Amino acid sequence: MKTYQFFFLPLLFLTGFPAADSISPNETKPKKAKLPQIKKENNVLLLKKSNFDRALKETKYLLVEFYVSLSQSSQNLSEEFAKAARQLKKEAPRIQFGKIDVTHQQDLRKEFNIREFPTVKFFVDGSREDPIDCKGVRQASAFITWVKRRTGPSTVLINSTDQAEAIIHADNLAVIGFFKELHNDSMEVFCETARDVPEMSFGMTASEDVCANYSIQKNTVVVFKKGKPVHNEVLEDGRQNKLDLTRLIKTFTLDLVTEYNLETSVKIFDVPVENHILLFTPTNSETFNAIYDNYKSAAAEFRGKIMFILVDTNETRNGRVFEYFRIREVDVPAVRILNLTSDAKYKMPADEVTVENLKEFCQSYLSGRAKLHLSSEEIPEDWDKMPVKVLVGKNFNRIVFNKTMTVFVMFYAPWSYDCRKLLPIWDKLGEQYESCKDIIIAKIDVTANDILSVGLDRYPFFRLFPAGPDYQEVVYAGEYTLQAFSEFLEEQSKTKAEPGEKDPSGGMKEDVSQKETAIKEKEEL
């Protein structure tokens, strides 16, 4: 035997003989689990529950559109979304765009609390916790600016007057921050604000020469429109916050008084000002010019606090707005204030639309002195004759908040297709529980009745008010089917949760003392 053969034998003992369970030449290795596939459409990832985790892990920056395929607004945004994705494909490959059809991905819709369509969220470093909302962005160019400012510098550093002038005249709107130094609280607020306002060019400077050229002596934000300064806002450290500054700056994307129409309706709600004042008047009336001038004169003082909107009562397409505010032809000209958060409405007490009356109305509202304007239909004679009881503002509290009955209420809008589709199911639920002496199935038209004691939601929405000595409200967040409604009712009837704890539907019980206060306030009005 040759030497190399003896040399080979010890190696077998050192390395070990093949194990009995090792793979033989005729066997195949087990296949690795395939990663979920991610398809693309127009440079946008098509995401769903099965591949969403993979998309997050493989992408540092992921901008996701949650949409409904049949929605026109979703379709319009998807087109702009795809344009932005195509442009950034080569320019910034680490930024990916994806979209999720929530019609078929209910789990993701619930996880990220998607209530409006379309909704856009930004995911960073693979985390699905607390994604950043991308609100008010509609155009491809704005999407590109928005993600760039989120992944890099949010504003341009200006070192010369020529550089400042170039930014000021580059677009219709520009915002320049003038600072004594570039490391203070005001500067940080300014940079944070720039990230949320992609519609405008932003620059900042601490150059003494640049500040002197524009006669700026304090930390100041200046808004330029068509090359001219239209607003100066002095910033004081610790007193300015991002939301207030964002509100103020975004109002300049609209006119001082904005007429409500199909084109402006989306833009109006994109500006984060929750207080809207509306003037209802025909634009072809003899008194229109005088009324409009007064309205515009009053608006300047409240920029960033109250948005001034004009509604032409001759425009038939504004019918839904008249219906919502219960404006009749005999009422015009009429002025109302709406708080978007609480849905509370206020009526200007004075009949004449003068600058003085408008300013007093706005000031009284902001100071909390204005009185709520509440509406209610008359109680129908047969309101309790059918399996589903009919509630209005005048009988709501008396029926809903009692000690002996559990009341399940559908809040609907008669013009809503989704509501009309559900009404027959709700009628069947009423028939199912008609013989139950301690359960009432009811409905209320929230477009004709103001209800302060219940927080409003997207139509239709449902609330359960359990029997008992305490005022409670349980949010229903289940499916809109007869079986789901019935199972929810049965579960709630068996177990009465304590106030403040989370109910089985995923909603929260409201605090009892807050509920009692809200009801008492309404009954006093």
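**Aromatic contacts in close-up**

F52 and F123 are both buried. The views below are taken from a predicted model.

**View A. The ring pair of F52 and F123.** F52 belongs to helix 2 (residues 49-58) and F123 to strand 5 (residues 119-124), so the pair ties together parts that lie 71 residues apart in sequence.

**View B. The ring pair of F401 and F465.** This aromatic pair is edge-to-face, at 5.3 Å centre to centre and with 85 degrees between the planes. F401 sits in the loop between helix 14 (396-400) and strand 18 (406-412), while F465 is in strand 20 (residues 461-465); the pair therefore ties together parts 64 residues apart in sequence. Both F401 and F465 are buried.

**View C. A cluster of aromatic rings.** Ring pairs join F408, W426, F462, Y476, Y480, F485 and F488 into a cluster.

**View D. Arginine over a phenylalanine ring.** R303 is placed over the face of F252. The distance from R303 to the ring centre of F252 is 3.8 Å.

**View E. Lysine over a tyrosine ring.** K345 has its charged end over the ring of Y324. The charged end of K345 is 4.3 Å from the centre of the Y324 ring.

Terms used:
Residues numbered from 1 in each chain as written. Predicted model: local features only at pLDDT ≥ 70, side-chain atom pairs only at ≥ 80, totals over all residues. Heavy atoms only, no water. Helix = DSSP H or I, 4+ residues; strand = E, 2+ residues; numbered from the N terminus. Buried < 20%, exposed > 50% of the residue type's maximum accessible area, 1.4 Å probe, protein only. Phe/Tyr/Trp six-rings, centres within 6.5 Å; stacked < 30°, edge-to-face > 60°. Lys NZ or Arg CZ within 6 Å of the ring centre and 35° of its normal.
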